[in-house]
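Have a look at the sequence and structure first.

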Amino acid sequence: MRGIREEGFIHARQAAILMWFNVLPTAIIFLPSFLAKTAQQDAWLAVVVATVLTLPLGFVLTWLGTRFPHLTLFQYSEIILGRILGKIISTLYVLALILLNALVLREFSEFLVSAVMPETPLLVFTVTLAAVAVYGARNGIEVISRSAEFVMPLMVLFILTILSLVTPEMSWRNLFPVLERGVGPVLAGAIIVLGFTGEISLLAGISGFINPPQGIRMSVTIGLLGVFFFLVMVVLGGVLVFGSAETARLTFVVFSLARMVSIANFLERIEVLFMAIWVAGVFIKVMFNLYIASIGVATVMELTDFRPLCAPLAAFMVALSVLLFKNISHLLFYLEEIMPVWTLLWAFGMPIFLAVVAALRKPKGERVNVR
Amino acid sequence: MFGKHIRLYLIGAVLGMLLLTGCWSRREIEELALVMAAAADAEGDNNVRLSVFIVNPREIGGGQPSGSGGGGGTNKVPGEIVSTTGSDFTEAARRIEEQIPRRLFWSHNRVIIVGDKLARRGLSWLDWFSRDRQMRLTTPVVLAPGEAREVLDLPPGVELVPGEIISGILNNHVTLKVELKELLSMWQAKGDNPVIPRITLVSAQEHSGSKTQGAGGTGQQSQEQGGGEGRTQRKAGPAAIRFEGAGVFKEGKLIGYLDHLETLGTMWLRGEVKEGVLTFNCPEHPSERVSVRFHRAQTQVTPQVEGDKITFLVKINSEGDLMEQTCQESLATPEKIEELEKALYHELNKRVQAALDKAQRELKTDIFGFGEVLHRENPKLWRQVEDNWNEIFAGAEVKLEAQVSIRRIGMSYNPAGGQGRNTGGKRVSPGGR
């Protein structure tokens with residue numbers, strides 16, 4: 001239970017930004033295509049439904065965060081379930097995180113190899129990103145938050161720039177008819193979105209660092225709104241420009257969107273800039289995931305410092321990322337078919353389970369002296 | 001973390017610089033063969049022929065064409081045409097690299113030209129052009145009536161490379177412009193069929209002007225002759241190209257061509273008209289002409305369903321300026337303008353009806369995307385008709401409601417040389433000031 005304590009504190013706004021980075025960088029690359037495949041022109045409705053379905057998770061995270069202030073999920077799971085069971089749950093959560101981060105590393109590298117540098121070995125991207133992430137994660141939550149704060153405006157600016165520059169190519173007709181095949185496809189699409197939005201559950205891993213602890217309510221609200229807004233924009237952008245059939249056919253929709261930009265034969269070929277910003281975004285996500293996994297392991301093992309864990313965990317993630325999938329079709333199949341269910345299990349299931357038990361057992365909120 | 005071993009880190013950083021001399025897989029621009037136009041043809045029964053126009057940067061980059069010696073120098077060309085065959089396009093593209101000293105680079109490709117025979121075989125060639133990572137979905141696609149590679153033989157004019165010539169003409173809005181991405185979605189939609197503009201080769205006599213000695217004719221109709229082996233017979237190549245008509249695809253295969261008038265009508269019905277000119281007879285002097293140039297056009301199609309009968313109501317709104325009149329009466333009065341607008345409507349109707357007749361009677365193919373309109377407006381009915389939409393489309397009724405308004409009359413009230421009027425202009429001075 002003692003575990004390590006990170007010395008840092010972050011503002012609720014920073015937590016919200018980290019939440020945003022947990023979902024957006026990977027979701028914007030793969031999600032529009034999946035959604036167009038299942039929900040066709042109603043892809044954006046699937047995002048709306050999924051956001052509504054993510055709300056309960058947001059409530060649970062808020063409740064847990066305020067019920068156990070200054071504690072992370074790895075700590076309060078032991079308060080709620082007792083030492084052994086709590087450690088088991090924390091371990092499972094860390095394992096899920098490791099798997100998730102391996103997946104993100106692979107998505108990142110696959111995209112770079114497919115779209116930009118086909119001759120470079122995949123491992124080059126995976127290893128370099130992981131190495132930088134280790135460096136960042138060792139610096140602690142405050143550094144991670146600040147770098148996220150720095151990258152976010154750039155990413156927002158870029159997504160909005162791309163979307164506004166392709167407006168000449170957009171056609172509202174592509175959105176109709178609404179609900180052509182009823183709500184079924186929309187719900188099916190929403191489940192895929194949950195696989196991505198469920199990752200906001202990682203907020204529980206840093207909830208103890210938010211100061212004041214009540215700020216988590218604001219983090220969840222703003223973070224979820226931000227995720228919702230940008231996912232809808234990106235999905236709409238893809239369908240409006242390409243139409244649902246073509247969006248479903250494209251592997252990397254937003255990248256193709258960036259390639260569409262052509263203003264007066266002058267402002268064009270800006271996709272490389274987009275790449276740069278997007279790489280920075282994935283970097284934040286990988287670094288953050290690695291950090292949470294490290295403090296998770298440190299807490300479970302009751303170590304005094306999480307820093308020595310970063311590098312080995314990252315190495316493990318890199319190895320896993322290479323071993324998990326044979327090719328990009330495996331990866332896409334996993335993202336589309338397996339990840340939603342798996343995310344429901346761990347990202348939604350665990351916090352909700354903890355909250356239910358906490359509400360029933362009413363454990364004494366042990367106040368840990370943070371300083 | 002740097003504190004203790006600062007020296008070690010510094011040495012590491014310096015050593016690291018040795019590795020940072022650049023990307024190992026970089027390609028400098030002089031190692032690339034920039035493809036500026038690609039022509040896809042069918043070859044034999046199953047093979048394909050890929051021809052590319054590779055730009056010669058030495059000739060293009062100087063700012064002016066160095067072939068100033070009257071076009072005689074055969075080595076002073078803005079680029080090179082390379083053509084190979086293969087069982088598919090990836091193979092053909094690889095074989096091109098067997099013939100040229102540089103790697104092909106496709107991102108700057110300006111146009112994809114498809115030969116008639118390949119188009120009749122089907123649209124499956126699109127896959128390579130949309131899957132390769134260097135391709136851009138904004139590349140326009142055009143049809144060539146014979147072999148597409150003949151088009152690449154265009155001599156340099158204002159623009160030096162055929163890709164620039166073709167994309168430049170397309171940007172004049174004189175014909176349909178179909179980009180790869182639009183073509184793909186037209187093909188995939190059940191209620192729409194692709195229409196691609198067609199290039200016609202113009203011979204030297206016809207294309208009178210600066211390049212060659214021409215007869216100075218107007219050149220209304222031309223059917224090109226098969227040019228033969230493109231690369232060897234450069235002299236016999238076309239002098240210019242013109243866009244005329246468009247090819248119609250049904251179930252992914254080219255089935256026929258529209259003529260010029262039908263293509264214009266199709267553009268109106270598809271809502272693709274951005275600007276253009278309508279020329280018609282003077283209301284009171286049928287032998288004289290009036291031209292109106294319009295810059296704004298809007299097409300709205302609404303399906304109306306009564307029982308089994310599907311009617312499409314096409315509303316066209318457009319605004320234009322009076323550009324030219326040869327009849328000697330002032331047309332700038334409100335009443336005359338109204339008459340002109342009626343005549344405009346008839347002219348527009350003629351184009352639209354020509355396109356409709358061709359699509360419904362002859363080709364029995366929905367090239368206007370009316371099916372998709374029905375799909376959007378009435379998904380339930382669409383579900384019943386989508387599988388044999390083209391037949392149902394052929395029997396559908398189309399009503400046209402066009403409103404073409406003349407807003408402005410240009411820089412003069414009255415026709416040039418209006419008789420009997422007091423002319424107060426300066427006398428023309430005999431020369432100089």
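With -45° about the S-S bond, the link between C282(B) and C327(B) is left-handed. Keep in mind that this is a predicted model, where local features need pLDDT of at least 70, side-chain atom pairs count only at pLDDT 80 or more, and totals for chains, interfaces and linings use all residues. Residues are numbered from 1 along each chain as its sequence is written, chains are lettered from A and ligands numbered from 1 in the order in which they are written, and side-chain values use heavy atoms, leaving out hydrogens and water.

**The disulfide**
- There's one disulfide over all chains, a disulfide being a pair of cysteine sulfur atoms within 2.5 Å.
- The sulfur atoms of C282(B) and C327(B) sit 1.7 Å apart.
- This pair links distant parts of chain B, 45 residues apart: C282(B) is in the loop between β10 (276–281) and β11 (289–306), and C327(B) is in the loop between β12 (309–325) and α9 (334–363).
- Helices (H or I, at least four residues) and strands (E, at least two) are DSSP runs, numbered from the N terminus.

**Burial**
- Both C282(B) and C327(B) are buried, which means under 20% relative accessible area (1.4 Å probe, protein chains only).
- Over in chain A, C310(A) is buried too, with a relative accessible area of 0%.

Conventions: Buried < 20%, exposed > 50% of the residue type's maximum accessible area, 1.4 Å probe, protein only.
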